Each structure stands twice: as C-alpha cells, then as structure tokens.
Amino acid sequence: MFKRNGMEKGIESLLFISAVAAVLALFLLCIFLFRDGILLFRDYPLSSFLTEKSWYPTSINPRFGLLPLLLGSVIVTVGAIVFAVPLGIAAAIYISELASPRVADILKPFTEILAGIPSVVFGFFGLVVLVPYIQDAFDLRTGQIALTGSIILGIMALPTIISISEDAISSVPRSIKEGSLALGSTKWQTIHKVTVPAALSGISAAVMLGIGRAIGETMTVMMVTGNTAIIPGFPSGLFEPVRTMTATIALEMGEVPQGSDHFHALFAIGSVLFITTFIINIVAGHIKTRYKFKL
Amino acid sequence: MFQNAKINEKIAFSLLRMAMGLVVLFVLVILYYIISNGYSVISLEFLTSMPAKRMTAGGIYPALVGTIYLIIGSMAFALPMGILAAVYLNEYAKPGKVTWLIEMAISNLAGTPSVVFGLFGLAMFVKYLGFGPSVLAASLTLALLILPVIIRASQEALITVPREYREASLALGVTKWQTIRRVVLPAAIPGMVTGAILSVGRVAGETAPILLTGAAYFLPRLPESAFSQFMALPYHLFVLATAGTNIAQTRPIQYGTALVLLIIVLGVNLFAIAIRNHYRKKMHR
Amino acid sequence: MSDEFTNGTEIEVRGLNLWYGTNHALHDISIDIPKNSVTAFIGPSGCGKSTFLRCLNRMNDLIPGCRIEGKVNISSQDIYNKDVDVVDLRKKVGMVFQKPNPFPMSIHDNVAYGPRIHGAAKKEIGGIVEYALRSGALWDEVSGRLSTSALDLSGGQQQRLCIARTLAVKPEVILFDEPCSSLDPISTSKIEDLILELKKQYTIVIVTHNMQQAARISDHTAFFLLGDLIEFGRTEQIFESPQKKETEDYITGRFG
C-alpha cells in the first residue's frame, strides 16, 4: 500500500512539474526579455525612449524613439480591427444563428483554413497580389502602406474573432431566445436585441484577442507595409508606409552587434510588445471568465 | 410597423450572408492565387534538389528538410510536456492560487507574439545556454510557442471523457493514476492527437521565431547536427520574396515554396479535422 | 433488535454528518446494515440517500468541498481511519451506478479491467471473466462475442455488464445507486432477479426511488428525508406498519 501511494504521489508530482513548467517558461521569458531590454537604459534615457519621435538606430548619434514604431503598430492594428470586427462578428452570427447545421459544418473549415495559413504566406500573397492592386487603385507611388497591412492583418484576425464570438453566441441559452421569439419578435430583433447582447462579453474577449493577434503579427506586416519608421498621421497615415514594432525587431535583429545599444533597444521594443499583449490577454481572460454566461 | 421589422430583417440577413460570403471569398482567392501559380512548379525534383545559381533555380530540399527537423524537434519537447501538464490541470489540480497561476501563464504564453518568443529564444537558448543559432535553439523556441496549443487541446480532449468512466474505474478499487492511464487517456488520445497535429502546422509555418534563432538565408548543405544552422520553408519564402538575388525571376520558385508550405500546413489541418470527425462519430454512436 | 439481524452486521454507521461546503446534507446518521441481505434506501429525491450510499465506498472524497464526520465500520474496520487505503476499500465495496457506464472497450476487457489492474495472472483472467459474466447473468447472451464493443450492448445488458465488472473484483459489499432508473421494465426485472441471486454471497445496498422495487427485493428498508434517516427496519414492517408519520406519508404517496 505504501509503495502504491508513493508511486501515485510521485506521478502527481511529475505531472505538477510539467504544468508548472508553463509558469516557469513565462517567468524566464519575462526575465530574459526585460533583462536585455533594461540594459538599453544604462546608456540611453528611458524618457527619450518613450518620447523621442524618431528611430535612427544606426546613425552616429543613435535615436531609439519608440513612438513611430508604436504608432505604426497602432495604426495598422486599428485599420485591421475596424473592418475585421464587424465582418467577423457578422460571420459568427451567420454561422451560429442563420446557417443550418449542415451549412455551418461546411463553413467552419473555412475559418479553420484561414487560421492555418502561415503568416509568411499571407505576407507573400499581400506582396504579390494586394500591393500592386492597392498601388493602382489609389494611384500611389507604392502599394506597401499601412492600409495593405491592415487588410491582410484583418483577414488574419478573422478566425480568432469568428471562432470565439461564435462560441459565445452559441452558448446563449435557447430558452432566452425562445422567450423573445414567443413575444412576437422577428428573428433579427431577437439576434440583435437579445442574443448578441447576452453574448457581448464573449464577443468583447474575441475582439481583444483579435487585437492581440494583429498587434503581434510580424511577417505579414514586414512584407507589405513598407517599413518606414516615421510617425504616421491619422488617418492619412493609412496611405503611407509605416513600420511596426514587430517588423523592426525581425528586420534589424539580424544585423545588430550583440550587446550593443541597438540590440538592447530591440529587446526594449520586445518588452513593450510583450507587456501590451500581456495586458490584452489578462483583460480578455477577465472579461471571459467574469461575465461567462451561466447556464 | 411589423412590415418594417420584416424588411429590416431581410436587409440584416443579407448583410450577414454577405459578410460570411466575403470570408469564404478571402479564403478562396488566397488559395486560388497560390495554387494556380504554384502547382506547375512543384515536382519531385523541386522537392529533392538543392537551390542552384544563387537560389534563382533548383529546388527547396534543404528548406523542406529543415522544416521537418523543426517539427520533430519541437514536438519531442512540447508534446510530452503539454499532455502531462493537461493531465495535471484536468485530473489533479484543485482550484486555487497555484492553478490560477498556471492557467494564467498558459493563456499568456498563447497570446504572446511569436517574435517575442524569438527574442526570448535568442537571449536564452542561443546566447545564455550557448546553443548558438541552431536547430536545437529554434526547436526549443517553437516548442514553447506551441506548448499552450497542445495543453489546451489536450485539456479539451480530457474534458470530453465522461466522468462516469472515471467513477466506474475508481469504484473498482483502481488508483487514480491507473484510472487515468487505462481509461481516461485512451479515450482522450484522438483529441490530443488532433491538437498535436494542429501544432505541427503551426511549427511548419512560423517564421519570426526561427529568424532570430538560427534560420539561415542560404546553406549549401543540410544541417549536420542539432547545433547547426538550417534552412526552413517559411524563411526561404520570405527571403526569396523580399531579399533574393532576383525577386522577379524567382517568382515561380516563391509560388512553389508557398504552395508546398500551404500543402503541409493545410494537409496537416485537414488530417486533424478528419481524425476528430472520425472519433466524434464513434463517440456518438 | 438483534434478532432481526440473523446474519450479523456488515456495515455499522454511527453519527455520520456530511457537508457540501456549508450545506449540511446528512444529519447524524446511524444504521446497522446486515450481512448477506439486501438493504434498500428510499426517499424523495434530494433526501440524501445517494449521498449516504457514496459515503460507504468514499466516492464522496472525489467531490471538492465535501466534509464528513462520524464513523463507518465495514467488517469492523473504520473506513475513514487515516490508515485505510481508499483503493483497497473500493475493491472490497463495489458500486454500480445509476447510468450504465461501461468503458469504451470490448466486453471481455471491461470485465477483465479490474482483475488485470489488481494483478491477476494472465491465465486466470479468462476464468474470472466467465465467472463474473455468469454471475452477472450475461454470459449466455454475450459468450459468443466477448471481443465486441461493450457500447453495442443494450442498456440492460450494459448494466449487467457493469455488475459483472464489479463482481470480477470479488467485492464483499455491492452498492447499487438506482441501477434500474434508466432501464425498461424487462431489463429491470432481470436486474432485480440478479440482485436476489447475488445476496447469497454479497451484502447489497440499493438506492431506489421506486418503492415497489424496494418492496420486491429488499430485506430491510431505510427511509430518508431531507438528510435525516427517518426510519429503518424490516421491509415488511416499513411498508405495512411504519412507525413514523413521515414514512407513512411517503409510502402512501402523500409526497415525494
């Protein structure tokens, strides 16, 4: 009996260690990211990092201004969300409320395919198809602009928004919908006055995670947004080349000497990126669990 | 008034249909471009020969092999780890601070941008642990990236195992671990396999993390060991499309590479979906 | 009272209280369940009869926030004593659940599951499986297809398979938690016949919301109401001359 209990305890400990490894991974990630990021501020003041308006990492007097990159990420993400959110929620409503189960079964794999396409393939598609198209359509010098990135990123964020919204909408109890229908409401009135409001917390979480997905995307934006580190105007900036935080890291890391200020500056950008998505995740998780529909 | 409601409904439903149609259209257009331009490039030779003439001709063999190495390497770490963690969370963990912390860590790892994983892999595996830019460093980085995917999929698979199975086994005087090993895990395996396969697709397609941890622009040979640099399909595509020696001339190779990548990722996804549906039917019988 | 328990006491419960969190679900239960007989627990739903049954093989240990005080002796051993291994206890005290719950395995493997894990030799397994299936009154129906999936059996057959699976572990006590509630009348009567057969070798406790069933198969009956054991005695006495008003109300169908 003691042998058996010992074995059971041993296995439980092993499993526990595996689970705690996730915490350890996150912890190490923070340590290594922040450690190299903070080293920047030995030589370069934090205040300049936060307020400096230009990113000239390789000039003799290098300037590591976060703002153009942060705003580049913001404008591309906002552009993506503006069209992906309504589209994604509408598609989610269609799948869960209008489509017959058979049609829904056919449609769902489409979102799964969309989720599965690698970002570099999206980027490639954007580069060879959308960039020339945008250039012609708006008669621009280049099609590599924030808007192009927004469109592709929006498409990439769709699966996240659709699948999580759809979960939220489907989990609204049937009795609530029937209650509304029984009062003589049309199906659409029921959807937008009862079902969607009831699923709103789940949908908000979906939007948050969609934003997280878009802001953290690297390859796509790097391939289609032109990568010019200037502070974008709004909304005119949508039609100009921009550079995001993610693209900066991926583009420049290959060429920087390890341990240089530039190297640390890229880690500092990574830290900002991590903190941003961390907050987004926490808020999304909070919304989801706090307001989860009780069945 | 009622007439109005009817008309509103018609309009709204048409818009919803259009939205769904647009989503489907995006998928079809993207697939169409890649497939129609890529399929004529793909041949056995394309898959099995080295790039030639400064990557303007020849095949993608080293990139393909590199991607397969990354898949094997990252799965070898993430799969056992993820399944064990999921078993702990589902079968043993009691609600409390520790469990909350673990769940929180998993959700946040899942939402962390892949380029940040790349930075972490660079700082920890490449530099601190001294693996250098290598298959090993990149595999470990990718393993962390897919760990949450595997944990979540395994947890979902475990949740679908009816509580009755566990009770029946425990009531026979079987220990908890034996119950898990003999009854719960066998029933959950299909779901776990699905999750694992989906993350294979993820590993095959990720670019940013390997860019920082060991992917090479060009290598005239296959990686010799876990500590060698490597080529990989997604990075190869990126290089050819943005920084190759002759971007316009290599466009067919780019389409071919994109299609191979797409076939791997989507093939793997379809396979996973097929397994899931197969077992779902079996369960519902 | 001792003359009523001609076979001696198998399960002795003294002052058992149970809480789910702050909800006091069982109040000070004391009862002596005799050996080699059938004891039925009856009462309206939510009365605590199933909860009490699950105290007897400590299945309630699995429920978070469940707290138990009091004493339960089975074969004169205190099962809540720290030194008792709950795994050994459950080997001795088998349980059959409300809904048939065969594992998604073959018929043979379902029955062999327990003995295999408990270390029976390979060559013994065949004999144990046959013995258990015969005792479970299922052998004649399934002997030709032992390797087919247990999930293909009918509900009644599945439940008898679950009984056989329990018997294969060679318990001393078998707890039945409303074993017929999801079965048709023919399957139910087969299970009832089986229970009457099994009591020759095993001590049987059965929870049922079907009073006729309790009357048909049990030797003793306990009536529970809102977490209290109201009355316990020989089945004929409970049904024919209940001592408590609540029991009489329930038996005569005035509530529940």
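Begin by selecting strand β9 of chain C, residues 220-225. In this predicted model, 6 of the 6 residues of the strand are buried, so β9(C) is largely enclosed by the rest of the structure. Here, buried means under 20% relative accessible area, exposed over 50%, and partly exposed in between, with a 1.4 Å probe and protein chains only. Helices (H or I, at least four residues) and strands (E, at least two) are DSSP runs, numbered from the N terminus.

Next, display the side chains of β9(C). In a regular strand, side chains alternate between the two faces of the sheet.

Two strands pair if DSSP finds at least two bridges between them. Strand β3 of chain C, residues 38-42, pairs with β9(C) in the parallel sense over 4 bridges, and F41(C) stands opposite A222(C). Strand β10 of chain C, residues 228-234, runs antiparallel to β9(C) and is joined to it by 6 bridges. Within that pairing, T221(C) has G233(C) as its bridge partner. The hairpin of β9(C) and β10(C) has 2 residues between the strands, and L226(C) takes a positive phi near 50° there.

Then select chains A and B. The contact (heavy atoms within 4.5 Å) takes 74 residues from chain A and 75 residues from chain B. Between them, the two chains bury about 6,700 Å², 84% of it on carbon and sulfur atoms; this is the accessible area (1.4 Å probe) that two parts lose on being put together, summed over both.

Which residue of chain A forms a salt bridge with K127(B)? Select D36(A): the closest N and O atoms are 3.7 Å apart. A salt bridge is a side-chain nitrogen of Lys or Arg within 4 Å of a carboxyl oxygen of Asp or Glu. Helix α1 of chain A, residues 2-38, gives the most to the side of chain A that touches chain B, with 21 residues.

Finally, select S119(A), in helix α6 of chain A, residues 119-137. At 9% relative accessibility, S119(A) counts as buried. Not counting residues up to four places away in sequence, S119(A) touches M156(A), E217(A), M219(A) and T220(A).

Residues are numbered from 1 along each chain as its sequence is written, and chains are lettered from A and ligands numbered from 1 in the order in which they are written. In this predicted model, local features need pLDDT of at least 70, side-chain atom pairs count only at pLDDT 80 or more, and totals for chains, interfaces and linings use all residues, while side-chain values use heavy atoms, with hydrogens and water left out.
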